Amino acid sequence: MAAAAELQGKYQKLAQEYSKLRAQNQVLKKGVVDEQANSASLKEQLKMKDQSLRKLQQEMDSLAFRNQQLAKRVELLQDELVLSESKGKKNKKSAETSFQLSQEQKNVFDEDLQKKIEENERLHIQFFEADEKHKRLESELRSRLEVLEMEAAQHQAVVDGLTRKYMDTIEKLQNDKAKLEIKSQSLEREAKDCRVRTEECQQQLKNLHSDLASRLDESLRVIREKVPFNDTRSSQFNALNVPLHNRRRQLKLRDLVGQALSFVHDLVTALLNFHTYTEQRVQIFPVDSATDTISPLNQKFSQYLHENASYVRPLEEGMLLLFESITEDTVTVLETAVKLKSFSDYLTSYVHFLRKILPYQLKSLEEECESSLCTAALRARNTELQNDMKKLTAIFEKLHTYISLLALPSTKPDQLLRRNFSSVFTHIASALHGFHDIMKDISKHYSQKAALEHELPTATQKLITTNDCILSSVVALTNGAGKVASFFSNNLDCFTSSLSYGPEGGTEFINPLSAECMLQYKKKAAAYMKLLKKPCCDSVPYEEALANRRILLSSTESREGLAQQVQQSLEKIAKLEQEKEHWMLEAQLAKIRLEKENRKVADKLKNSGGTQSIEASPESPLLLNAAEQEKEVGTEKVLREPVKSTSLVGMLTMTACNEEGPEADTREDLIKNHYMARIVELTSQLQLADSKSVHFHAECRALAKRLSLAEKSKESSTEDIRLARQSITRLQDELMTTKRSYEDQLSMMSDHLCIMNETLSKQREEIDTLKLASKGNSKKNKSR
């Protein structure tokens, strides 16, 4: 009955909405008709304005024509005036009278012309104002007409859509009404079946409850007997469990700490420069130590500043140790970041150094203010710098406090709550921003102070240079502080995401000894996992195998090419062996002939009896070489003699007639040796050229094979790309069609369900009324 009442209520709501929409439809129709009438009236007004504009344009043209006529008339009158003036020179009286008349006429014409000009100007103004007004009105009317037409079209489209929608709804409701009457009967039968099934299900549920209770008791008994302890319940045992390894987070933390290391390096360099240049400034201002002794206060201050490196440089070393402790294999949380304690200690020593030099720095600024050269503006800047130095020391103390809190979980985690450390990171970020703001103030005030000191008459070049150096170090500090502050604020979520590796519901930190044991267990587990991995057999990677296959297919050392090259090489070796034997025989013959020639030359020299005392013995190689050299000199002289013929054959024929037989033979041997050496050189060049040609031929064949393979692969890849694009477009079309079909089906199903619910409510109401009527009739019949 409740469902029937709900369906009846939904049906009544739908009927009310339908009546409201019909009323809205009538109102929209009236609005559309009114807007159409308004658009028609606006069109009529637009036509009337166009007509008035045309009239005004015609009047403007007529006025322009009238102005031209008046201008011509003025020109004529001026010409007449000139003529009258020329005539007046002849007759003085007539000239005076004509001048008076012309002057009167000119005055009349001037007044008439002035009136016409004013009238023309007024008409121009009126025409311009009317034109502007008409254009503005026309644009407004056109825009309004466009808006009204758009609204009318939208209203008409809405009306048409609603009409179609509700006609379809009425038809569907009428069709579904008959179907739901049949379904209501079947639903009644199903309701009876469901009641029977619910009774059966209740009985089954009772049986299942009893079965599960018995199983639970058995499971609890097994857990009590077989499981010795549950380590997740105890925080001490749970601290020894190795957490899941998040390699991405470790790499990100290492990257972030590396960036922080670079920022700390920049800050350390700037701090060293700032303290060093401040020490130099104390030595030269207000009293230069080179010319006079400085005050004991400044001497002590300079001595402390000289020790700045021993306090500042360890900061970078501590951050470097922290960076080296974060690796890919470790678990980096506050309990395992042991090196953070060393950085905190180094920061503590630097803060003590700042506290130690702060009173001297303030007194040194006061001493500068007490100097006779200090002006009122300089005193104000020194006072501001005193306040800035106090703030700087305070902000470093604040940073030291929060960083020492971060180092506590790795040393003394007792009574520390994890939920408080997210606020510690937030305070560190705010302190870094405060450090940046303070450095900006110091940079501003110190630049003003340096500018005022440069204007002093006693300012030396050394002081100006030192002030510039201090300013550059302060600017570097400001930039470094800004980078660190923005870096820490941007990565605050990463720092606060996982403060501990313990359970998520835990509130306290884990003991550092347990964290150290956990890291050892993690190393042992990693080593055990490495041992479990079986070494795979060595194989060639797929990409390398593909490259080797291509090289094998297109290599110059293929089997056919190598066989051909070997055959050609064997043939050449055989030819070279034959030539070698031939030339060895030739060399032996030449050697024999050379010995004969040497003997002949020696005999000739002995018989000649010249001034040279040389014994021609065939056994002395030294004498033979001397004879050969003399013979070569003689042949060179003969060859250098001027001849008419330029050919070598001509030289031989011309000298053969004048020289003796032995000299001709020696010359012929020299020529033969020259040609043999030339032949050997040419053969070696020929062999080199042959080998190069074979190599180039093999390379060309390999390149041709590679080109063919590349073309085949290109064709296959283009075909694959084409198929892939076709499949992508087809899948996109199928996706769009399926999406639309699913949306249409969902909308149809939702509409159908609504209609079914409404019709079902109606049917149930009718059934209830019929039941009531049947009960009333049965009672009446019984009473009768």
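Among contacts in the chain between residues at least 6 apart in sequence, what percentage join residues at least 24 apart? In this predicted model, the share is 83%. The chain contains 17 helices and zero strands. Of its 784 residues, 26% are buried. The chain exposes about 54,900 Å², and 57% of this area is supplied by carbon and sulfur atoms.

One part of the surface is a nonpolar patch formed by Leu-216, Leu-220 and Ile-223. Together, these three residues have about 270 Å² of accessible area. Leu-216 is placed in helix α2, which spans residues 92-226.

Aromatic rings were examined next. A pair of aromatic rings is described by the distance of the centres and the angle of the planes. Seven aromatic pairs are present in the structure. In one of them, the ring centres of Phe-263 and Phe-487 are 5.4 Å apart and the planes are at 65 degrees; the pair is therefore edge-to-face, since planes over 60 degrees apart count as such. This pair links distant parts of the chain, with Phe-263 in helix α4 (residues 247-284) and Phe-487 in helix α10 (residues 461-490). The two residues are 224 residues apart. Phe-263 counts as buried because its relative accessibility is 17%, and the cut-off for a buried residue is under 20%. Phe-487 also counts as buried, at 9% relative accessibility.

A further edge-to-face pair is made by Tyr-350 and Phe-396, whose ring centres lie 5.4 Å apart with planes at 75 degrees. Tyr-350 belongs to helix α7 (residues 339-370) and Phe-396 to helix α8 (residues 376-407), so the pair ties together parts of the chain that are 46 residues apart in sequence. Tyr-350 has a relative accessible area of 1% and is therefore buried. Phe-396 is likewise buried, with a value of 8%. Both residues belong to a cluster, in which ring pairs link Tyr-350 and Phe-396 with Tyr-311, Phe-353 and Phe-435.

The structure holds zero disulfides. For Cys-369, the nearest cysteine sulfur is that of Cys-374, at 4.7 Å, whereas a disulfide requires sulfur atoms within 2.5 Å. Cys-369 counts as buried because its relative accessibility is 15%. Cys-494, with a relative accessibility of 12%, counts as buried as well.

Notes. Residues are numbered from 1 along each chain as its sequence is written. This is a predicted model: local features need pLDDT of at least 70, side-chain atom pairs count only at pLDDT 80 or more; totals for chains, interfaces and linings use all residues. Side-chain values use heavy atoms; hydrogens and water are left out. Patches are made of residues with over 30% relative accessible area and no salt bridge: like charges are joined within 9 Å, nonpolar side chains (Val, Leu, Ile, Met, Phe, Trp, Tyr) within 5 Å. Accessible areas come from the Shrake-Rupley method with a 1.4 Å probe; for residues, only the protein chains shown count as cover. A salt bridge is a side-chain nitrogen of Lys or Arg within 4 Å of a carboxyl oxygen of Asp or Glu. Helices (H or I, at least four residues) and strands (E, at least two) are DSSP runs, numbered from the N terminus. Buried means under 20% relative accessible area, exposed over 50%, partly exposed in between (1.4 Å probe, protein chains only). Contact means heavy atoms within 4.5 Å. Rings of Phe, Tyr and Trp (its six-membered ring) pair if their centres lie within 6.5 Å; planes under 30 degrees apart count as stacked, over 60 as edge-to-face and the rest as tilted.
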